[in-house]
Amino acid sequence: MDLEFLQTLDGQILLGVAVAAVAIGIGAIFLFSSKKPKGCLDPENFKEFKLVKRTQLSHNVAKFTFALPTPTSVLGLPIGQHISCRGKDSQGEEVIKPYTPTTLDSDVGHFELVIKMYPQGRMSHHFREMRVGDYLSVKGPKGRFRYQPGQVRAFGMLAGGSGITPMFQVARAILENPKDKTKVHLIYANVTYEDILLKEELDGLAANYPDRFKIYYVLNQVSSSCNSFFFFFFSVQLSWIKVLTLTS
């Protein structure tokens, strides 16, 4: 009788140990799968990232795609913050300038910068000379603002020229988060229609999220590229600005 009791007890212990082991294994899998990947950025030291693709968007605008260490790596840039990029100007002197990637951490394995290269721009020279296979020195995250989902009911944004990239980053993060119901209204100013950056991507957000995202393009000069528009005139520093709703 005592032997049977011990055998039963041993079986119960073994079953308990097995159940506990399975529970620990499931818990470990859940912990590691739900853990946010560590970003590749260093706020104190510059790190090198390889240029793997360069896409010319216009005569002075290009999209630069940089590889991260592995196909599943993330940059680790909080929404609303930017990075510092280091390069050399036409005189060979070091220059550092802030930029905001147009990609999010949901875009794994790489990050992208849309850069407008100005004739006299010191960092513009560095990007203009970059070729596939070159490396860019990057440090970050930088910036005081950090967006938290749902922190406001609606965002009003105003951007001009290449300043659209931080607005695009925040707007895309808000709209692509199914738990975030924030609405975004963006006024985007440029000199001409051809100067508009990320227009295809912005129009895509407007088409995919018509109830949450509104984009208003503002031009200083109107060309035949504007298929349809309406004018609204107002005075700013003694000059007239044409505000247009554009359709592609």
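With which residue does Glu176 form a salt bridge? In this predicted model, the partner of Glu176 is Arg172, and the closest N and O atoms of the pair are 2.8 Å apart. Both residues belong to helix H3, where they are separated by four residues, about one turn of the helix. Glu176 is partly exposed, with a relative accessible area of 39%, whereas Arg172 counts as buried at 13% relative accessibility.

Helix H3 (residues 164-176) also packs with helix H4 (residues 199-208), at an angle of about 30° and with the axes 11 Å apart. This angle makes H3 roughly parallel to H4, and the crossing in which H3 passes H4 is left-handed.

The count of salt bridges comes to six. Among them, Asp89 pairs with Arg122, the closest N and O atoms being 3.0 Å apart. Because Asp89 lies in the loop between strand E3 (82-88) and strand E4 (94-99) and Arg122 in helix H2 (residues 122-129), the pair ties together parts that are 33 residues apart in sequence. Asp89 is buried, with a relative accessible area of 10%, while Arg122 is partly exposed at 39%; together with Glu93, Asp89 and Arg122 are linked in a network of salt bridges. A further salt bridge is formed by Lys116 and Asp195, with the closest N and O atoms 3.9 Å apart. Lys116 lies in strand E5 (residues 110-116) and Asp195 in the loop between strand E8 (183-190) and H4, so this pair ties together parts that are 79 residues apart in sequence.

Tyr216, found in strand E9 (residues 213-219), is partly exposed, with a relative accessible area of 36%.

Methods. Residues are numbered from 1 along each chain as its sequence is written. This is a predicted model: local features need pLDDT of at least 70, side-chain atom pairs count only at pLDDT 80 or more; totals for chains, interfaces and linings use all residues. Side-chain values use heavy atoms; hydrogens and water are left out. Helices (H or I, at least four residues) and strands (E, at least two) are DSSP runs, numbered from the N terminus. Buried means under 20% relative accessible area, exposed over 50%, partly exposed in between (1.4 Å probe, protein chains only). Axes are lines fitted to C-alpha atoms, for helices over the stretch in contact, and angles run from 0 to 180 degrees between N-to-C directions. Angles under 35 degrees count as roughly parallel, over 145 as roughly antiparallel, 65 to 115 as roughly perpendicular and the rest as oblique. A crossing is left-handed if the near helix is turned anticlockwise from the far one by less than a right angle, and right-handed if clockwise. A salt bridge is a side-chain nitrogen of Lys or Arg within 4 Å of a carboxyl oxygen of Asp or Glu.
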